[in-house]
Amino acid sequence: MDPTRRLLAITLAFGVAACMPSGTAPEAEGRPPLARQELASDAGTPPCPAANGGTCVAVSPAIAPEAACPSSRWIAVLKPDISSCPPGPSGSAGQWVEARLFAATKGQWALPPGLAPFCSYDWVSSGSGLPPPLAVAALKSAVDGRTVRIDPDCQVVAPLGTSATVKAAWQMLQKDFHAQTERLAVLPTGATLPPVEVRVAVVDSSPHRYSGGEAVEDRLGHGHAMGRVVRELGCPDGSPVCIAQVSNHLSLPQVTPNVRDLAHGGYFGEQTQLARAIHNAVTEWRAHNAGNVPPGEPATPQPRLVVNLSLAWDARFGGAYDGNQVEQLPAPVRAVHAAITHAVCRGAVVIAAAGNDPGGPDTVHGPMLPARWEQKPAPEYSQCEPLEDPGYPAPTAYPRFPPANVTPYRPLVYAVGGVRADDAPLASTRPGGRPRLAAPGAHALASDTDVFGRLQPTDILTGTSVSTAVVSGVAATSWGYRPDLSGPELMERVRQGSVPLGTPADFCLGGLPCPWPSSDPRRVIGRVSLFRALEAACKGVVSQHCPSLLPPPPAPRPAHGSPLPTLDTATRNSIESKLTRTVDGSALNVALPPLPICRQSALRSNRWAYDETVCPFRQYYGIPLRPWTNPQPSKNPCTCCLMEVDTNEALALAPTATLYLSIDSEYVTRSLDSPTLLLNGRYELDISGVMERAGQPTLTGGDEVKVTGIPIDPAWLPIDSAELMLRGEEVGVPYSTSSELLLQ
């Protein structure tokens with residue numbers, strides 16, 4: 001395990017408190033199930049505290065804003081008549097160091113006016129820690145009258161997918177993922193001209209570098225995996241046509257709140273780090289096409305740019321300006337908005353992840369940022385011109401805007417949601433957070449070769465991160481065949497080639513909720529397909545770059561008709577051969593009453609009262625470093641977690657299920673407990689008690705556990721979804737993680 005990973009849980013604490021009523025009966029070996037009327041008095045009446053002494057469930061308190069937005073870095077927006085950043089004041093405790101947030105490109109372009117008003121102020125002192133309140137007051141006083149606002153930067157940007165290594169099943173999962181995306185193993189050649197190269201800027205955890213259009217390795221593995229997903233769609237190994245050229249731009253450099261690693265990347269980032277990474281992506285793309293190519297890199301033009309944002313922050317940290325003006329945004333958020341606007345004005349397509357439900361007691365609703373900005377329109381030429389550097393727009397054969405007589409759907413960003421192989425939404429889908437575009441996002445992965453040339457998988461990914469990378473890969477590949485289209489026209493073709501899922505989107509251009517009627521075809525969610533997008537872009541069109549003959553279509557995958565991935569016999573045997581222990585789960589015969597913190601779900605256990613670690617996904621946030629973004633730790637402990645219902649008993653009165661747990665070797669120095677299953681989003685099975693009876697209540701790295709005979713209530717059938725929730729601890733601070741299981 002990377003020693004820096006142990007530093008994840010540092011400055012934030014959860015202060016977990018637990019209480020149990022003194023009259024609660026202890027768990028009794030062999031005790032018969034309680035009658036339904038006994039449960040109220042024995043297990044307690046949730047929630048706690050209650051007048052009659054109900055059961056109390058430990059809950060992590062919300063994180064204070066100052067923990068997410070430390071006062072050591074502030075961002076100011078200058079008034080229109082102020083041309084330079086006011087000097088930062090100094091005192092006996094330290095000094096504020098001022099700088100332009102966005103840097104001009106030396107020898108090439110001036111800083112665009114739309115990005116010029118942003119200034120950063122960093123606290124520098126001989127000691128450590130945050131600036132004293134008097135120093136913050138002095139800073140605000142120093143810039144007063146010359147800025148329209150000043151706000152602390154927030155370290156709230158994180159990747160949006162849980163990941164896992166893999167042992168036995170990765171080839172099968174990759175094959176199925178390729179089928180879900182309708183990937184083409186060989187991209188067709190153009191009729192008279194080859195398709196153009198399209199740059200895909202992966203703004204993520206990979207260190208900043210353009211490496212021959214390949215994904216770059218990073219500490220977290222997330223950025224590398226996003227780049228490989230894009231690459232396998234737009235530049236398949238062995239294909240004579242290679243369109244998608246990945247460039248890497250580090251926006252998640254923070255290893256801890258006070259330590260960043262530009263060489264290997266980190267785990268999260270500040271809002272302004274994201275803003276600068278987007279600006280950097282646009283600037284380097286422009287420089288490449290202007291002939292400023294690093295030595296050894298091919299100088300092939302890349303006239304089109306896709307910006308992939310498989311990351312986000314929660315709306316509580318700024319950005320949900322529904323019905324308000326961009327000027328009302330906090331300064332760091334406004335900087336991200338300005339950088340995205342700059343990219344769109346330059347003709348780029350910006351694609352962003354809609355977000356995942358992070359767990360924890362707080363209710364989440366709606367998409368995360370920047371995907372939430374699909375509600376906002378893209379800028380028109382008249383709005384772009386005063387924001388860009390002199391000479392805008394430079395003459396180009398590739399239009400930045402649709403023709404005057406064409407009015408496609410033109411949001412500022414294109415949000416992406418995630419679906420499973422059967423088109424059901426991901427278990428971590430945020431309520432009210434489904435956009436018009438969706439893509440496969442469960443148990444997804446790409447492959448790569450190691451330093452010895454051996455084929456190996458990336459992390460397995462579940463979340464809207466990978467769905468976003470799929471859409472970016474599809475958009476870039478289609479654009480390579482139709483570079484004559486503007487970005488919005490291209491995305492219309494991607495949308496036209498999607499498979500309608502019959503479900504209305506929650507938000508769209510114009511608002512949240514989407515103002516269009518549920519039956520309006522424009523609002524129906526569409527699952528993106530590479531083959532169908534290419535077909536929509538080129539069919540019936542005379543284009544030198546399009547193939548004269550489209551490849552044969554892949555096997556059809558109708559909406560809601562695709563099966564979930566199923567392990568073959570060899571893979572199943574391989575899993576069985578690695579088992580380290582088997583646990584009898586048949587003792588889960590105690591039904592506890594619904595508890596609000598557990599999603600009001602009915603819980604089955606062999607305990608006689610709620611335990612403080614039951615339903616950990618809702619009790620605890622992620623690792624306290626950044627709990628408001630996605631389930632943590634970033635490496636999901638389940639390398640290959642499966643659940644199957646015994647089909648021989650599916651119609652009987654007592655069906656059972658089998659659970660396979662495979663814990664990542666990275667957890668060899670840590671332990672996990674409180675395994676809980678959530679079935680169909682409603683029914684919970686606490687299996688921690690049966691593991692305690694087996695003498696091994698915790699899970700650790702290398703464990704391969706089979707839990708048999710888990711009783712399933714016939715009323716729960718069919719089982720359409722299953723999540724495994726686990727509780728862990730870092731430096732004495734609890735966290736939880738959630739993994740969507742493969743149903744067999």
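**Ground rules**

I'm working from a predicted model, where local features need pLDDT of at least 70 and side-chain atom pairs count only at pLDDT 80 or more, while totals for chains, interfaces and linings use all residues. Residues are numbered from 1 along each chain as its sequence is written, and side-chain values use heavy atoms, with hydrogens and water left out.

**Entry 1: the sheet**

I looked up the strand order and got an open sheet of 8 strands, β8-β7-β11-β13-β14-β15-β20-β19, with mixed pairing. For the record, strands here are DSSP runs (E, at least two residues), helices are runs of H or I with at least four residues, and both are numbered from the N terminus. Two strands pair if DSSP finds at least two bridges between them.

At the edges I find β8 (244-250) and β19 (499-504), each pairing on one side only. The twist averages 30° from one strand to the next; the axes behind such angles are lines fitted to C-alpha atoms (for helices over the stretch in contact), and angles run from 0 to 180 degrees between N-to-C directions.

How many residues of β14 (414-419) are buried? I count 6 of 6, with buried meaning under 20% relative accessible area, exposed over 50% and partly exposed in between (1.4 Å probe, protein chains only). Y414, V416 and G418 point one way, A415, G417 and V419 the other.

On one pairing, β13 (349-353) runs parallel to β14 and is joined to it by 3 bridges; A352 stands opposite A415 there. β14 also runs parallel to β15, through 4 bridges, and V419 has P440 as its bridge partner in β15.

**Entry 2: disulfides**

I get 6 disulfides in the structure, taking a disulfide as a pair of cysteine sulfur atoms within 2.5 Å.

C69 and C154 have their sulfurs 2.0 Å apart. The S-S torsion of C69 and C154 is about 100°, so I log this disulfide as right-handed. C69 sits in the loop between α2 (65-68) and β1 (73-78), and C154 in the loop between β4 (147-152) and β5 (158-159), so the pair ties together parts 85 residues apart in sequence. Both C69 and C154 are buried.

C508 and C514 are also bonded, sulfur to sulfur 2.0 Å. Their S-S torsion is about 80°, so this disulfide is right-handed. C508 is buried at 0% relative accessible area, and C514 is buried at 5%.

C538 joins C546 at 1.9 Å, S to S. Which hand does the disulfide of C538 and C546 have? The torsion is about -75°, so it is left-handed. C538 is buried at 6% and C546 at 1%.

**Entry 3: the largest pocket**

I get about 770 Å³ of space in the largest pocket. On a 1 Å grid over the protein atoms alone, a pocket is an open set of points where a 1.4 Å probe fits, with protein on both sides within 12 Å along at least five of seven lines, and lining residues have an atom within 4 Å of a point.

I find 30 lining residues, with V326, E327, H337, T341 and L387 nearest the centre. β1 and α7 (331-345) are the elements that give two or more residues, and α7 gives the most, with 5.

Key
Points joined across faces, edges and corners; volume = space filled by probe spheres on them.
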